[in-house]
Amino acid sequence: MEKASILIVDDDESILETLSAILEEKGYKTDTAKNGAEAIEKSKTSFYNMALLDIKLPDMEGTQLLIKMKGTRPKMIKIMITGYASLQNAIEALNYGADAYIMKPLDPEDLLKVIAEKLKMQREVEKMNQKRVVEWIETRARKLERER
Amino acid sequence: MRLSFPSKVSLIVALLLVLSIFAYASVSIMLEVNKRTKDIIDEKKSLNELVAFTIESAETAEVVTWYKKYVESAEVMTWYKKYVVTKVAEPEDVVYCRLVKPTGEIIISNIEEESGMFIRDPAIATNKTVVKDEVFNEEKILVIVSPTYEGHTVWLGFSLRKINEAVTGMIISTLATAMVIVSISIPISYFIVSRFLSPIKELTNLCDDISRGNFNVQSNIQSKDEVGVLSNTFNDMARKLETMREEIRRSERLSAIGQLATMVGHDLRNPLTSIQNAAYFLKMKLGGSTDEKVKKMFGIINNEVGYANKIVNDLLDFSTVKKPEFTKVNLVSLIKDALAQLDVPENVNIVTKFSESPIIEADPDQLRRIFLNIALNGVQAIPNGGELTVSTRNVDDFVEVAFIDTGVGIPEENMSKIFTPLFTTKSKGVGLGLCICNNLVEGHGGKIDVISKVGVGSTFTIKLPIHH
């Protein structure tokens, strides 16, 4: 199976480095962006299964980035990392289209769990879609055959 | 020019006094003048009528007829008339006394040069005494005309100089009185008003003190009038200002702590996350290491990062006022949840005594944190082993959760400080736990009571309303 790729967006270099080290060690492909603009640029040119977005970025709010990415990459899983545990932040993140939110300080264990879960879901959806396409093609083919 | 209050009052008093003196004086002078004028007219009238009668009787009476036999009458008569007229005109205020013919010719006058002159005046034909005024030698005088024998008239002119002099005298004495009264009343009223104002002056000085920031002042004015009330109000105000300033200082201190806490909390969050991540990565890499020390070190990093995170969370909790999100919660299961998160040392025994499990309206997250925090304090207060009893009790519309430990207890001097931020007796802790608990409980409309005795233990009772 191909490695899942994850884009990590945070303005803190140490976090980017340590997170990508952990994720790569766990077998994911990672890329990093230090701000919203860079993240948008990268998501346009490359494909990512998932993005981890910090809610506070130097050039825009995480929620704004969320909206923009929802437009360009609707299928990409978007996980919001909220700085401070508050219901308000969480609700906001989900309302803006995040697939999940996780609170700082991150417990790597929790993060890995969420990432694995979401990727699994994504794969299943994909599989289902593929199956549907296959089924559709098959029915079409049978139909064509009968007609002939 | 700016006048002081006593000066203004004394000037006003003096002015009022002068006005009333003048009003009184002018009325009484007017009345006096009228009375004197009337008296003098009456007097002169009687005198003139007497002269007229005397001359008439000399001219017509029997006795004179008899007398005429012996004297060369016309000559004597003239002399007699002249004598009477001159006598009557003797007093200083009489200007003239004349005997006038019905034709208007002056027959006899005390003023020689007038004899033979004519008067053109309707009064020459009067048949009863009349009073009239005229100007004589540029002086305004009164004239009384009385009829006498055969259409003749007697004219008596007199001046009112006396009355005018009297009036002038009266005005002068009024002025003098007014001046005396004013010169006495000004200092007296100034003195009295100053006396009345002295408490106000005292209060003004105290107000000055307050404006300079010295709120610790009290006025000693004891009186039952308005000034006394003002003084009491002032004292009240000073006391309240003092307590308000204390409160402001406290809240300023708290807000400064809060701002610092938020800053520190946010800034620490990222490095802590990085440390945690880095440690996790190293653990993954070296996880298989058999070196016990390496494992132990990872354990320490993990625990300490966890503890640091807790401090950060406490700081942020303390500085961010979070409104409770009320839902219906089962109190007992919340307490059980909290106790389950508690690390209980082996020598501490947890005893629970729950009343019928009440459902209350509260924020479950906040309550769990309160219970965990208080229970943790309890356990930490029992270093040498003992018991922590957690009980609930329903009291009217409230529910009470009591945490009773058999620990070291809180010394009396610390009792008042335990809820203040940054107060701690523990080697590990920033001293925000109880303060946060207190804030959260107050946010629920409840309160925390503490009873403690050194060497016996402490009881923390959290009283929460059942309905929000």
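Okay, a definition to start: two strands pair if DSSP finds at least two bridges between them.

Ile8(A) sits opposite Leu52(A), and Val9(A) opposite Leu53(A).

Some housekeeping. This is a predicted model, where local features need pLDDT of at least 70 and side-chain atom pairs count only at pLDDT 80 or more, while totals for chains, interfaces and linings use all residues. Residues are numbered from 1 along each chain as its sequence is written, and chains are lettered from A and ligands numbered from 1 in the order in which they are written. The scores are ipTM 0.79 and pTM 0.51. For chain B, mean pLDDT, the predictor's confidence in each residue from 0 to 100, comes out at 86, with 96% of residues reaching 70 or more.

Let's stay with chain A. We've got 5 helices and 5 strands, and from the N terminus they go β-α-β-α-β-α-β-α-β-α. The 5 strands make an open sheet in the order β2-β1-β3-β4-β5, with parallel pairing. At the edges are β2 (29-33) and β5 (100-103) of chain A, each with a single partner strand, so one side of each has no neighbour in the sheet. Strand to strand, the twist averages 20°.

Buried means 20 or more other C-beta atoms within 10 Å of the residue's own; exposed is 12 or fewer, partly exposed is in between, and the C-beta atoms are placed from the backbone. In a regular strand, side chains alternate between the two faces of the sheet. Here Met50(A), Leu52(A) and Asp54(A) are buried on one side, and Ala51(A) and Leu53(A) on the other. β3(A) also runs parallel to β4(A), residues 77-82, joined by 5 bridges, and Met50(A) has Ile77(A) as its bridge partner there.

As for helices, α1(A), residues 13-25, lies across β1 and β2 of chain A, at about 170° to β2(A). Those angles run from 0 to 180 degrees between N-to-C directions, using axes that are lines fitted to C-alpha atoms, for helices over the stretch in contact. Over the whole chain, 30% of the 148 residues count as buried.

On to chain B, which has an open sheet of its own: 5 strands in the order β2-β1-β5-β4-β3, antiparallel this time. The twist averages 25° from one strand to the next. Strand β1(B), residues 94-100, is joined to β2(B) by 3 bridges, and Val100(B) stands opposite Ile106(B).

Is Met117(B) buried or partly exposed? Partly exposed, because 13 other C-beta atoms lie within 10 Å.

Next, the cores. A nonpolar core is a set of buried Ala, Val, Leu, Ile, Met, Phe, Trp, Tyr and Cys residues joined through C-beta atoms within 7 Å. The largest has 40 residues, and among the members touching the most others are Ile370(B), Phe371(B) and Cys437(B). Helix α8(B), residues 364-380, supplies the largest share, 7 residues. A second, separate core of 34 residues includes Val9(A) and Ile55(A).

Beyond its neighbours within four places in sequence, Ile370(B) is in contact (C-beta atoms, placed from the backbone, within 7 Å) with Cys437(B), Leu440(B), Val441(B) and Ile462(B). Helix α10(B), residues 433-443, has buried residues including Cys437(B), Leu440(B) and Val441(B). The buried residues of α10(B) pack against α6, α8, β11 (447-453) and β12 (457-465) of chain B. Just after that helix, Gly445(B) takes a positive phi of about 80°.

Last stop, the interface. 16 residues of chain B contact 15 residues of chain A. On the chain B side, α5 (226-286) and α6 (292-319) are the elements giving two or more residues, and α5(B) gives the most, 13.

Notes: Contact = placed C-beta atoms within 7 Å. Helix = DSSP H or I, 4+ residues; strand = E, 2+ residues; numbered from the N terminus.
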